[in-house]
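Good morning, and thank you for coming. Please look at the sequence and the structure before we discuss the charged side chains together.

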Amino acid sequence: MPEVNVDINGRKYRMACEEGQETHLMLLAERFNQHIDAFKGDFGEIGDNRLTVMAGIAVLDELAEAERRIAALQ
């Protein structure tokens, strides 16, 4: 199983993924890190855990909105 190193909030994480998904995983991590950077810009240094939770909730909010739109189109 391939592994990639991703950078989230200045820290490196080694993650396993399925063959051929390395680039996709790195792009997802980069997108997630953009949420964290945006919150750092808005709120300053409020702690790694809090930033990660806020970014995770923001991503889930985007997912919920996309699911709502898909349901409306069906």
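Predicted model: local features only at pLDDT ≥ 70, side-chain atom pairs only at ≥ 80, totals over all residues.

With which residue does lysine 12 form a salt bridge? The partner is aspartate 7, and the closest N and O atoms of the two residues are 3.8 Å apart. Aspartate 7 counts as partly exposed, with a value of 34%.

By this rule, the structure has seven salt bridges. One of them joins glutamate 3 to arginine 14, where the closest N and O atoms are 3.6 Å apart. This pair links distant parts of the chain, for glutamate 3 belongs to strand 1, residues 3–8, while arginine 14 belongs to strand 2, residues 11–16.

Is arginine 14 buried or exposed? Arginine 14 is exposed, because its relative accessibility of 65% is over the 50% cut-off. Glutamate 3, in contrast, has a relative accessibility of 49% and therefore counts as partly exposed.

Let us now turn to helix 2, which covers residues 48–73. Here the side chains of arginine 69 and glutamate 65 meet in a salt bridge, with a distance of 3.1 Å from N to O. How many residues apart are these two partners? They are four residues apart, which is about one turn of the helix, and both lie in helix 2. Arginine 69 counts as exposed, at 52% relative accessibility, whereas glutamate 65 is partly exposed, with a relative accessible area of 29%. This pair also belongs to a network: salt bridges that share partners join Glu65, Arg68 and Arg69.

Finally, I would draw your attention to glutamate 67, which is also found in helix 2. Why is glutamate 67 called partly exposed? Its relative accessible area is 46%, so the value falls between the limits of 20% and 50%.

Notes
Residues numbered from 1 in each chain as written. Heavy atoms only, no water. Helix = DSSP H or I, 4+ residues; strand = E, 2+ residues; numbered from the N terminus. Buried < 20%, exposed > 50% of the residue type's maximum accessible area, 1.4 Å probe, protein only. Salt bridge = Lys/Arg side-chain N within 4 Å of Asp/Glu carboxyl O.
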